[in-house]
Amino acid sequence: MKRFLCAVLTAAMLAALASGCSSKETPADSDTAAASSETASSVAETKDEASSAPASDGIDYMVLVNKLNPLPEDWEDKLECVTVKNSVGNDVEVEKKAYDAYEKLKADLESEDIFVDLDSARRSVEEQQRIMDEFTRDHGADYAAKTVATPGYSEHHTGLALDLYLIVDGNDVTENDDMIQYTDIWAKIHEKLPRYGFILRYLEGKEHITGYGYEPWHIRYIDSADTANEITSKGVTFEEYLGAVKSSDVKIDLGSSEIFSEDELKEAVIQIKCKFASFRDCELHSITYAGDETCSDENIARMNDLDEGAEYTQAIKFTSEFHAYNSPVFDPDSEQKDYEWWLARGGEDGWQLVTWGY
Ligand SMILES: [Zn+2]
């Protein structure tokens, strides 16, 4: 039987490429959103290109774009945007339906004397590439990679991610450090998001899944109040929601570990599920912990070799069985066994999915 090698991505490598969300602490100004103040840790991903394709020719409002999932190739062809001017006089580009929903949200908030505006929304891949080139030229490739979001991997490319700023007592509050102080205002805003089809995207304490630190201002339009409600009421990230939807019948065997608690192993399983959800036309059957012996010095060293700059102190392996139907990677209609997932972590950081495949 032929075996195909899967692409091996290193989560830490991608995490090192800072995201394109909040940018106010960077040499580039906030409109370029070139860099990130967000904590980059690991990223779980959940996009399934095969099954979450939109019914019509329009965009898929449930698309997942994060540090491991790029913007779908034909996205920009299908995207319809509007351009609006915000209160500080900058043009902001937003996907059409997301903007309509935002206007309703805004009006609702104003009825309670809460005033917001759009700091930034859509950024094209091209623009991000231009920023990347500029930074590389001026500051070198290493610096650029650390400060500038990888073109193609920012949710802002979708036009569905909106960064809000606050207007408090008639003053524009646009700096992240200032905005984050207004916890009461954000709580009221967040409470209203689902009914207009928005979710808060980067939740507190979920950096190990989203790859981003808490961002009260970054909201994401998903075009369904019901789904937004479900995600919000469960308190899960978009990654976890999509991952769970894609793999609800999976047999999980955590074995018995003397090193890791069940919760620690489950955290690793979430990452695997999320990653698997991006395997096209594949159905996951099982995820099995390979045992404490995989956390050996040799394996830890191997993980550190794979992730340049990483300082992992623990490594674990899981295996999976899954069925590949019409996948571009695996033999057609084949049962895959002993597929490996390697995760590692160091210090207080969460698990990073370092490599996977055979
Ligand atoms: Zn953002």
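## Confidence in the model

Over which residues does pLDDT stay under 50? The answer is residues 1-55, and for this stretch the model has 177 contacts beyond four places in sequence. Here pLDDT is the predictor's confidence in each residue, from 0 to 100, and two residues are in contact if their C-beta atoms, placed from the backbone, lie within 7 Å. Across the protein chain, pLDDT averages 82, and 82% of the residues score at least 70.

This is a predicted model, in which local features need pLDDT of at least 70, side-chain atom pairs count only at pLDDT 80 or more, and totals for chains, interfaces and linings use all residues. Residues are numbered from 1 along each chain as its sequence is written.

Let's begin with β4 (161-168). Helices (H or I, at least four residues) and strands (E, at least two) are DSSP runs, numbered from the N terminus. Six of the eight residues of β4 are buried; a residue is buried if 20 or more other C-beta atoms lie within 10 Å of its own, exposed if 12 or fewer, and partly exposed in between, with C-beta atoms placed from the backbone.

Two strands pair if DSSP finds at least two bridges between them. Strand β3 (residues 115-120) is joined to β4 by five bridges, and the two run antiparallel. S120 stands opposite D163 of β4, while in β7 the bridge partner of D163 is H218. β7 itself (residues 218-221) is antiparallel to β4, with three bridges between them. Three bridges also link β4 to β5, again antiparallel, and V168 stands opposite N171 in β5.

## Two residues with positive phi

The hairpin of β4 and β5 has two residues between the strands. The phi of D169 is near 50 degrees, a positive value in a residue other than glycine. D169 counts as exposed because it has 6 C-beta neighbours inside 10 Å.

D333 also has a positive phi, of about 50 degrees, although it is not a glycine. You can find D333 in the loop between β10 (314-324) and β11 (334-345). With 11 other C-beta atoms within 10 Å, D333 is exposed.

## A five-stranded open sheet

Now follow the order β8-β9-β10-β11-β12: these five strands form an open sheet with mixed pairing. β8 (251-253) and β12 (352-357) stand at the edges, each with a single partner strand, so one side of each has no neighbour in the sheet. On average, neighbouring strands of this sheet are turned by 25 degrees against each other, direction ignored. Axes are lines fitted to C-alpha atoms, for helices over the stretch in contact, and angles run from 0 to 180 degrees between N-to-C directions.

Within the sheet, strand β9 (residues 282-289) pairs with β10 in the antiparallel sense over seven bridges. Y289 stands opposite F318 in β10. Helix α12 (residues 297-306) packs on the sheet and touches β10, β11 and β12; the direction of α12 makes about 75 degrees with that of β10.

## Around C282

Is C282 buried or exposed? C282, which has its place in strand β9, is buried, because 24 other C-beta atoms lie within 10 Å. Not counting residues up to four places away in sequence, C282 touches F322, H323, A324, Y325 and S327. C282 and F330 are 48 residues apart in sequence, yet 9.1 Å apart in space, C-alpha to C-alpha.
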